[in-house]
Amino acid sequence: MARKSLREQSLEQALQQMERDKARLERRLAGLEEKLSTTLDGTGLRLWQLEVPSGKLTIFNYRWGRMLGYQPGELNAHFDVWREHLHPEDRDEVLANLNDHLEGRTEVYQVVHRMLARDGSITWVADRGRVVERDEHGNALRLLGTHTDISHEKDYESRLNALASTDALTGLANRQAINSWHQRPLADDSALIFIDLDGFKQVNDQFGHRAGDEVLVLVAHGLNDELHRLGIHHHLSARFGGDEFLFQLPRMSLPRVEHVARRWLERFAHPLEISGGLGRIGLSIGICFGCDADNRFGLALERADQAMYRVKHHGKHGFRVHTPVEYSSCEYQAGDLQGSNLEASASRLPSWLHPQSAPVSQQAASAGTESAGTDPVDTERGDSVSADSESADARAKEER
């Protein structure tokens with residue numbers, strides 16, 4: 001076999017050197033990729049690249065799908081697969097943001113959205129990218145970006161919001177949460193219910209504030225428990241302040257809301273076992289439907305409060321449903337007595353809860369303040385009319 005020429009030997013040596021250089025560069029690249037991957041993983045960033053024409057998606061530091069609970073190789077790294085795992089409620093917004101950037105209308109693609117994992121759980125992602133290569137016509141060729149799993153941050157944010165809008169003692173919503181209720185119209189068949197405890201001051205005076213706190217907790221749990229027993233679950237409940245509670249019940253009829261009120265009254269007709277003895281309290285309940293308050297939460301709250309205040313004047317531990325002037329008012333007191341109709345008292349509600357409400361004097365006129373001082377008799381129940389308004393006034397002042 002002929003000996004290789006010097007030229008051939010030189011070329012062969014050069015080729016071998018190139019192969020060694022290539023291997024060395026590949027090792028160095030692998031090392032750099034490992035360092036980059038470790039650094040990104042430590043920060044929670046995941047680097048991705050989208051080849052726009054083909055839709056090929058490359059995840060550099062995490063195997064595709066691991067974030068969504070898939071094992072390596074179970075999902076193809078492709079734009080269509082990623083799109084299918086976008087949360088349905090966020091998909092249009094995410095794709096619109098991406099399209100705006102690809103077409104040059106925005107400097108960067110940036111959006112926070114949800115993705116669906118294989119087990120149905122939700123992953124919150126902060127996604128950000130930028131076109132790094134375009135063709136001669138300006139069409140996007142390559143998009144480089146990062147996404148970050150921010151589920152823990154979102155969970156923490158939700159818990160903070162819950163704490164900020166939750167009454168620490170009872171676990172019900174607080175006044176801050178009620179403010180958000182005020183922003184939404186009240187449906188025609190939604191009943192807003194204002195409850196004030198009767199005899200709560202006496203419990204505090206006799207047994208102390210710790211026992212009073214026990215009563216508030218027992219009442220809060222008891223009111224919700226009765227609703228659950230009646231199959232009412234999608235409702236709002238809040239501690240309005242002190243010994244006052246507020247409920248918003250959807251899809252209510254007049255007979256059904258009266259049934260709810262009676263159940264509550266029956267539940268708290270007996271003394272409560274608290275530290276130091278038995279605490280005797282009652283419930284004064286005022287109710288207003290959205291259709292009777294122009295669907296305005298603030299006005300419904302005003303009228304429910306007025307209805308509750310009238311119960312205070314007529315023996316307490318009962319309920320009253322506000323109805324328009326042309327209809328008779330529905331009342332129920334302990335002992336099935338219906339009290340006389342007094343003029344509506346001045347509202348005790350803060351102005352921020354009903355900025356658009358009419359003046360109290362006008363609301364009193366539209367809240368069913370019938371003439372001459374007596375309510376129409378509820379012909380369906382035939383309840384009797386109480387005439388002892390003077391003593392009722394005294395009891396109400398003492399309680400309030």
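Phe-200, Val-203, Asn-204 and Phe-207 of helix α6 meet His-209, Ala-211, Gly-212, Val-215 and Leu-216 of helix α7, where contact means heavy atoms within 4.5 Å. This is a predicted model, in which local features need pLDDT of at least 70 and side-chain atom pairs count only at pLDDT 80 or more, while totals for chains, interfaces and linings use all residues. Residues are numbered from 1 along each chain as its sequence is written, and side-chain values use heavy atoms, with hydrogens and water left out. Helices (H or I, at least four residues) and strands (E, at least two) are DSSP runs numbered from the N terminus.

**Helix packing**

- The axes of α6 (residues 200-207) and α7 come within 7 Å and cross at roughly 140°, the axes being lines fitted to C-alpha atoms, for helices over the stretch in contact, with angles from 0 to 180 degrees between N-to-C directions.
- α6 and α7 are therefore oblique to each other, given that angles under 35 degrees count as roughly parallel, over 145 as roughly antiparallel, 65 to 115 as roughly perpendicular and the rest as oblique.
- By class, the contact of α6 with α7 has 6 nonpolar, 3 polar and no charged residues; Ala, Val, Leu, Ile, Met, Phe, Trp, Tyr, Cys and Pro count as nonpolar, Asp, Glu, Lys and Arg as charged, and the others, Gly among them, as polar.
- Helix α7 (residues 209-229) also has an axis that comes within 10 Å of that of helix α8 (residues 254-267), the two crossing at roughly 130°, which makes α7 oblique to α8.
- On the α7 side this contact is made by Gly-222, Leu-223, Asp-225, Glu-226, Leu-227 and Arg-229, and on the α8 side by Val-260, Arg-263, Trp-264 and Arg-267; by class, there are 4 nonpolar, 1 polar and 5 charged residues.

**Strand β11 and its partners**

- Strand β11 (residues 282-289) is mostly covered, with 8 of its 8 residues buried, that is, under 20% relative accessible area (1.4 Å probe, protein chains only).
- Strand β6 (residues 191-198) runs antiparallel to β11 and is joined to it by 8 bridges, strands being paired if DSSP finds at least two bridges between them, and Leu-197 stands opposite Leu-283 in β11.
- Strand β12 (residues 318-321) runs parallel to β11 through 4 bridges, with Ile-285 opposite Phe-319 in β12.

**Strands around β5**

- Strand β1 (residues 45-51) is joined by 7 bridges to strand β5 (residues 140-149) in an antiparallel arrangement, in which Leu-50 stands opposite Leu-143.
- Strand β4 (residues 122-134) pairs with β5 in the antiparallel sense over 9 bridges, and β4 and β5 form a hairpin with 5 residues between them, where Gly-138 in the turn has a positive phi of about 90°.

How values were computed: Buried means under 20% relative accessible area, exposed over 50%, partly exposed in between (1.4 Å probe, protein chains only).
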